[in-house]
Amino acid sequence: MEPADLGAWLRTAWLGRENSYHEVLGSTQDEARGLAAGGAAHGYLVWAGEQTRGRGRLDRRWDSPAGTGLWFSFIVRPGVPAHRMAALPLAVGAAVAAALDVEAPGRVRLKWPNDLLLDGLKVAGILVEGQVADGRLEYAVVGVGVNLVRPPGGFDPVISSIAAALADATGVAPSPARILAALLASLETAYAELLAHGPGAARRRWLELSDTIGRDVVAHLDGAEVRGRAVDLDPDGSLVLDTVGGRRAISFGEIQHLR
């Protein structure tokens with residue numbers, strides 16, 4: 001994908017209007033974090049045709065071979081108390097899901113905390129990392145990875161049973177520039193709404209698109225396991241479980257859907 005391709009589709013006011021494209025990059029997230037620390041502007045976008053060290057939460061590897069997906073990170077500078085932006089990951093997840101759902105109506109769902117599922121298989125993931133100074137969120141770097149098509153020969157065997165590509169639903173290879181522009185438009189709207197009105201709408205949209213709420217799950221927390229039924233989401237993004245010992249909010253870790 002050429003940088004000019006995005007400009008033909010872009011309809012945001014500020015998100016992605018300043019950007020840098022790399023045919024090959026270690027990690028868009030690491031590049032954007034460095035640029036944010038150096039003063040890069042609000043809305044600045046880093047995107048790549050291939051990542052050699054792509055990563056998700058907990059520094060887990062994210063396979064990002066050339067020509068198979070969208071790999072991008074962008075910078076936002078809220079300048080507000082950090083607690084007001086605690087729901088930013090919720091807003092991002094719901095915005096990405098809403099944009100992808102246009103391509104695969106009714107088939108894209110959210111798995112807590114940061115996965116997007118297509119027919120139950122992971123098609124995308126998000127990563128939000130922030131810099132707080134004096135209690136204010138100085139900046140956040142939002143990373144998104146979307147599998148558009150399956151790599152030649154299929155996904156790596158380690159993830160082949162749990163991964164999907166958007167083309168599985170569309171039947172054709174989606175236009176990367178068009179999908180990226182749609183994602184950025186949805187993300188810009190969600191960010192502005194969160195900043196202006198707080199977490200309520202982001203939480204509602206996340207719940208509407210959730211594949212986790214109502215399921216029995218096991219949460220893996222630093223070597224410990226907590227089992228229960230996912231019943232709600234706190235405004236800060238914590239997952240609320242009904243367990244044998246009562247209700248418990250899970251703010252970190254990974255979960256496994258049991259049914």
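The following conversation walks through a predicted model, in which local features need pLDDT of at least 70 and side-chain atom pairs count only at pLDDT 80 or more, while totals for chains, interfaces and linings use all residues. Residues are numbered from 1 along each chain as its sequence is written, and side-chain values use heavy atoms, with hydrogens and water left out.

Visitor: In what order do the strands of the open sheet of 7 strands stand?
Guide: Helices (H or I, at least four residues) and strands (E, at least two) are DSSP runs, numbered from the N terminus, and two strands pair if DSSP finds at least two bridges between them. In this open sheet the pairing is mixed, and the order of its 7 strands is β1-β2-β3-β7-β6-β5-β4.

Visitor: Which strands stand at the edges of that sheet?
Guide: An edge strand here has a single partner strand, so one side of it is left without a neighbour in the sheet. The strands in this position are β1 (19-22) and β4 (108-111).

Visitor: Which residue in β3 is the bridge partner of A48?
Guide: Strand β2 (residues 45-48) and strand β3 (residues 69-76) run antiparallel and are joined by 4 bridges. The bridge partner of A48 in β3 is W71.

Visitor: What angle does the direction of helix α2 make with that of β7?
Guide: Helix α2 (residues 28-37) packs on the sheet, touching β1, β2, β3, β6 (121-133) and β7 (136-147), where contact means heavy atoms within 4.5 Å. Axes are lines fitted to C-alpha atoms, for helices over the stretch in contact, and angles run from 0 to 180 degrees between N-to-C directions. With β7, the direction of α2 makes about 160 degrees.

Visitor: Which strands are the edge strands of the open sheet of 5 strands?
Guide: This sheet has antiparallel pairing and the order β11-β10-β9-β8-β12. Each edge strand pairs on one side only, and these strands are β11 (246-250) and β12 (254-257).

Visitor: How many residues does the largest nonpolar core have?
Guide: A nonpolar core is a set of buried Ala, Val, Leu, Ile, Met, Phe, Trp, Tyr and Cys residues joined through side-chain atoms within 4.5 Å, and buried means under 20% relative accessible area, exposed over 50%, partly exposed in between (1.4 Å probe, protein chains only). Those with the most contacts inside the largest core include F72, L88 and V96, and L88 touches V76, V128, A140, V142, Y191 and L194, not counting residues up to four places away in sequence. The number of residues in this largest core is 60.

Visitor: Which peptide bond is cis?
Guide: Most residues other than glycine have a negative phi, and most peptide bonds are trans. P113 lies in the loop between β4 and β5 (115-118). The cis bond, with omega near 0 degrees, runs from W112 to P113.

Visitor: Is D134 buried or exposed?
Guide: D134 is found in the loop between β6 and β7, and its phi is near 55 degrees, a positive value in a residue other than glycine. With a relative accessible area of 82%, D134 is exposed.
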